[in-house]
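Please walk me through this structure, part by part. I would like to know how the chain is laid out and which places in it deserve a second look.

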Amino acid sequence: MPDALKHVAIVGGGYAGMAAAVTLAEHGVAVTVYEASPTLGGRARRVEINGVALDNGLHILIGAYRETLRLIEQVHPSPADAPPPLLRLPLDWYQHQHLHLRAPALPAPLHLLTALLTAKGANWSERWAAIRMMRALRRANFHLPQDTTVSALLETYAQGPVFTQHLWIPLCVSALNTPSEKASAQLFLNVLRDSLNADRAGSDLLIARVDLSALFPEPAANYVRARGGEVLTGCRVTAVDPVAEGFQIMAGGTTRTFSHVVCALPPHQVAAFLARISALSEVMEMVQALEYQPITSVYLQFDGDVRLPSPMTGLSGGVAHWLFDRAAICGQRGLIGAVISAEGPHQELTQDALAERVHAELASHFGPLPQLKWQRVIAEKRATFSAAPGLRRPAQKTSLANFWLAGDYTASVYPATLEAAVRSGITCAHGILGRSAAL
Ligand SMILES: Cc1cc2nc3c(=O)[nH]c(=O)nc-3n(C[C@H](O)[C@H](O)[C@H](O)COP(=O)(O)OP(=O)(O)OC[C@H]3O[C@@H](n4cnc5c(N)ncnc54)[C@H](O)[C@@H]3O)c2cc1C
């Protein structure tokens, strides 16, 4: 079908759906995005608390997220004098009171070797064990003949307690949102390959200076609309039915027909959505087999300055994994965000008790603190799928012609991340455009 006759319905306005929409609109294909919520962004979206624009969860990007970073740049109008929407920090792994790795301005992999060799908090034998592991993994091109867990991988390479507890496990939990004893070593290695092992910029950490809806989905919607596309918010799709001319989409009491569909829903909603389409039973099986992990964010707003040693500080031994100094990141004075990734004992606490615990940890490390004005806990119970070894993930191209799947749970070298979501959306768009789909 010529591109001019295509009209693509994209169901879901998260990062995956909006990446598909931007790529199609860029190539002159008509798109209509349906987003159920009034706010675009899905699991990476703005929430307003006490008049402050925050996120449903504090997100970290890495320099290796090349497609996400490319699309963010593509859709941002970026007047010359505006600050970039992302704060870019060269690799500086700071686990308070335990481990500090800083990568010097050297080409990869020398920057990493130097960071490991000069790691503060670890002894020589631990540093050599880490270097030996990275060298062996590089020789194997970061490929495992058989997937296993991250814990088993660390044991195989005899990693010492400091690097295990304060580098590899926090890195695994942050990147895969899955405890190391359950997490896929292969997915972990894919992240290491493209971040720590690739060019120096790949290991940079990036934190949004704007909220996550303003970072990509909202400017993406402006980009799509400027090219004649539609982005409908607060518009939930209630049914999709294959018909002779393509697909009928029912939303907001009206039915429209499209040539193609990109289903960009969160995985736990996909099965119900596809139940009427028998050709997709294999996808249904894979999606129904997924298990989920939570991510909890705790915001503490103080009535005065609280400055942390770094914009992002890692903690070990308590409930909070990472602390974000929002004043340093984006000028939100006195605001500290804490992230707790994956499952754990923190889930047994009430939200108030959890916020108090994080407050107490902050005070014990960096106190005394100014008066607390307010606190808020946002628990995303199904933040990501559990990144188990050997997990089967559905391809973006389905067995039903012109019906595509986008989302962080679809086939990817990455775990459930913004980059997996964005790449899946681009893959769908490339497939619809008749280009080579692989990314
Ligand atoms: C708290 C938290 C912290 C995270 N931290 C990080 C991080 O640091 N780094 C990182 O890379 N990733 C992180 N992630 C993961 C990342 O946010 C996700 O991988 C990504 O946002 C998934 O995007 P998606 O488009 O695939 O799905 P979603 O964002 O879930 O988008 C699906 C969209 O579909 C919409 N929808 C649902 N039903 C309908 C319907 N019937 N009709 C129309 N629309 C519908 C939803 O409202 C939603 O907007 C985090 C996730 C969470 C929750």
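Helices, taken here as H or I runs of at least four residues, and strands, taken as E runs of at least two, are DSSP runs numbered from the N terminus. The model shown is a predicted one. With that numbering, the label α9 belongs to the helix of residues 217-226, and just after α9 the residue G228 takes a positive phi of about 90°.

Of its 10 residues, 7 are buried, so α9 is largely enclosed by the rest of the structure. The buried ones are P217, E218, P219, A220, A221, Y223 and V224. Among the elements that cover them are α1, β2 (30-34), α2 (66-75), α8 (212-215) and β10 (230-232).

The next step is the division of the chain. The protein chain is divided into domain 1 (3-62 + 211-290 + 388-432), domain 2 (91-203) and domain 3 (292-385). The C-alpha centres of domain 1 and domain 3 lie 30 Å apart. Where these two domains meet, 15 residues of domain 1 are in contact with 16 residues of domain 3. On the domain 1 side, β3 (46-49), β4 (52-55) and α10 (267-274) each give two or more residues. By class, that side has 9 nonpolar, 4 polar and 2 charged residues.

Between β3 and β4 runs a loop that holds N50. The phi of N50 is near 50°, a positive value in a residue other than glycine. Most residues other than glycine have a negative phi, and most peptide bonds are trans. N50 is exposed, because 10 other C-beta atoms lie within 10 Å, and a residue with 12 or fewer counts as exposed.

Which domains supply residues to the surroundings of the ligand? Domain 1 and domain 3 each give at least three residues to the shell around the ligand. Of the 35 residues around the ligand, G12, G14, G42, G57 and T417 come nearest. The elements that give two or more residues to this shell are α1 (15-26), β15 (292-302), β19 (372-385) and α14 (418-432). By class, the shell has 16 nonpolar, 14 polar and 5 charged residues.

Two strand arrangements come next. In the first, 3 strands form an open sheet in the order β5-β9-β6, with antiparallel pairing. β5 (61-62) and β6 (86-89) stand at the edges with a single partner strand each, so one side of each is left without a neighbour in the sheet. β5 pairs with β9 (residues 205-208) over 2 bridges, and the bridge partner of L61 in β9 is L206. The bridge partner of A251 in β13 is T254. β12 and β13 form a hairpin with 2 residues between them, and G252 in the turn has a positive phi of about 55°.

Several loops remain. P109 sits in the loop between β8 (99-102) and α3, and a cis peptide bond with omega of about -5° joins A108 and P109. Another cis peptide bond, with omega of about 0°, joins G367 and P368; P368 lies in the loop between α13 (351-366) and β19.

The loop between α3 (110-117) and α4 (124-139) contains G121. G121 is partly exposed, with 15 other C-beta atoms within 10 Å. Leaving out residues up to four places away in sequence, G121 touches H98, L99, H100 and V162. G121 and S37 are 84 residues apart in sequence and 46 Å apart in space, C-alpha to C-alpha.

Finally, A158 is found in the loop between α5 (150-156) and α6 (161-176). Its phi is near 45°, a positive value in a residue other than glycine. A158 is exposed, with 12 other C-beta atoms within 10 Å.

Definitions and conventions: Residues numbered from 1 in each chain as written. Predicted model: local features only at pLDDT ≥ 70, side-chain atom pairs only at ≥ 80, totals over all residues. Near = placed C-beta within 6 Å. Nonpolar A, V, L, I, M, F, W, Y, C, P; charged D, E, K, R; others polar. Domains from an automatic or database assignment. Buried ≥ 20, exposed ≤ 12 C-beta atoms within 10 Å, placed from the backbone. Contact = placed C-beta atoms within 7 Å. Pairing = 2+ DSSP bridges.
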